[in-house]
Amino acid sequence: MRQENKMQIYLIGFMGTGKTSTGIELAKLMNRELLDSDDLIVKKEGKTIPDIFKEAGEEGFRKIETGIFRNLSQDDNNYIISCGGGAPLRSENVSFMKKNGVVVRLTATAETVFKRVKGDTKRPLLQSDDPMKRIIELMSQREDAYSDAADITVSTDGRTPYEVAVRVASALTK
């Protein structure tokens with residue numbers, strides 16, 4: 001793992017694990033700019049994530065996402081990047097992340113995730129009759145990709161975003 005000060009910090013994990021809220025706190029702690037890969041996609045495409053999924057499907061969305069990670073891997077700025085939950089599912093995305101950065105995985109139980117995301121209609125993959133069942137299925141399907149991509153793993157269960165950010169910052173300096 002790269003320990004220099006010059007590196008991107010990529011926050012990965014399942015939806016609702018606190019990537020954005022932790023990223024906000026980590027950016028303050030480390031005096032860095034936070035980017036959100038989903039926000040970058042929305043800005044580039046001029047459409048919402050649900051609209052992109054509707055028009056291009058998940059595969060089309062993932063292609064756009066890979067282009068974002070390709071561009072970020074060529075950027076020399078020291079960003080903290082909150083990644084979409086599916087970003088590590090493509091090995092090329094992980095390669096781009098590791099090219100000039102460190103990958104930090106945030107985890108939470110399915111119950112915690114459900115509490116955090118229930119009722120959120122902006123998450124296309126959760127629009128089902130049984131969102132909890134869908135969360136468990138997706139977490140299981142993605143487990144290997146997340147664990148293989150991660151340089152550092154931090155649990156967010158029962159912790160505030162600030163507490164998680166402090167743990168991440170500490171792990172980055174070890």
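Axes here are lines fitted to C-alpha atoms, for helices over the stretch in contact, and angles run from 0 to 180 degrees between N-to-C directions. Helices (H or I, at least four residues) and strands (E, at least two) are DSSP runs, numbered from the N terminus. Welcome to a predicted model, in which local features need pLDDT of at least 70, side-chain atom pairs count only at pLDDT 80 or more, and totals for chains, interfaces and linings use all residues. Residues are numbered from 1 along each chain as its sequence is written, and side-chain values use heavy atoms, with hydrogens and water left out.

**The sheet**

- Five strands form an open sheet in the order S2-S3-S1-S4-S5, with parallel pairing; two strands pair if DSSP finds at least two bridges between them.
- At the edges are strand S2 (34-36) and strand S5 (152-155), each of which pairs on one side only.
- On average, neighbouring strands of this sheet are turned by 25° against each other, direction ignored.
- Strand S4 (residues 101-107) and S5 run parallel and are joined by four bridges. Look for Thr 107, whose bridge partner in S5 is Ser 155.

**Helices across the sheet**

- Helix H6 lies across strand S1 (8-12) and S4, and runs at about 140° to S4.
- Helix H7 (residues 161-173) lies across S1, S4 and S5, and runs at about 160° to S5.

**Helices against helices**

- Two packed helices are described by the angle between their axes and the distance between the axes.
- The axes of helix H1 (residues 19-30) and H7 come within 8 Å and cross at roughly 55°. H1 is therefore oblique to H7 (angles under 35 degrees count as roughly parallel, over 145 as roughly antiparallel, 65 to 115 as roughly perpendicular and the rest as oblique).
- H1 and H7 have a right-handed crossing; a crossing is left-handed if the near helix is turned anticlockwise from the far one by less than a right angle, and right-handed if clockwise.
- Among the residues of H1 that meet H7 are Leu 26, Leu 29 and Met 30, and the H7 residues there include Val 164, Ala 165 and Val 168. Contact means heavy atoms within 4.5 Å.
- The contact of H1 with H7 holds 11 nonpolar, two polar and one charged residues. Ala, Val, Leu, Ile, Met, Phe, Trp, Tyr, Cys and Pro count as nonpolar, Asp, Glu, Lys and Arg as charged, and the others, Gly among them, as polar.
- Helix H5 (residues 110-117) and helix H6 (residues 131-149) pack at about 130°, their axes 10 Å apart, so H5 and H6 are oblique to each other. Their contact involves residues including Phe 114 of H5 and Ile 135 of H6, and by class it has nine nonpolar, no polar and one charged residues.
- Helix H2 (residues 37-45) packs with H3 at an angle of about 110°, with the axes 9 Å apart, which makes H2 roughly perpendicular to H3. The contact of H2 with H3 has 10 nonpolar, one polar and four charged residues.

**Aromatic rings**

- The whole structure has two aromatic pairs; rings of Phe, Tyr and Trp (its six-membered ring) pair if their centres lie within 6.5 Å, and planes under 30 degrees apart count as stacked, over 60 as edge-to-face and the rest as tilted.
- One of these is Tyr 10 with Phe 69: the ring centres are 6.2 Å apart and the planes are at 50°, so the pair is tilted.
- Because Tyr 10 lies in strand S1 and Phe 69 in helix H3 (residues 49-73), the pair ties together parts that are 59 residues apart in sequence.
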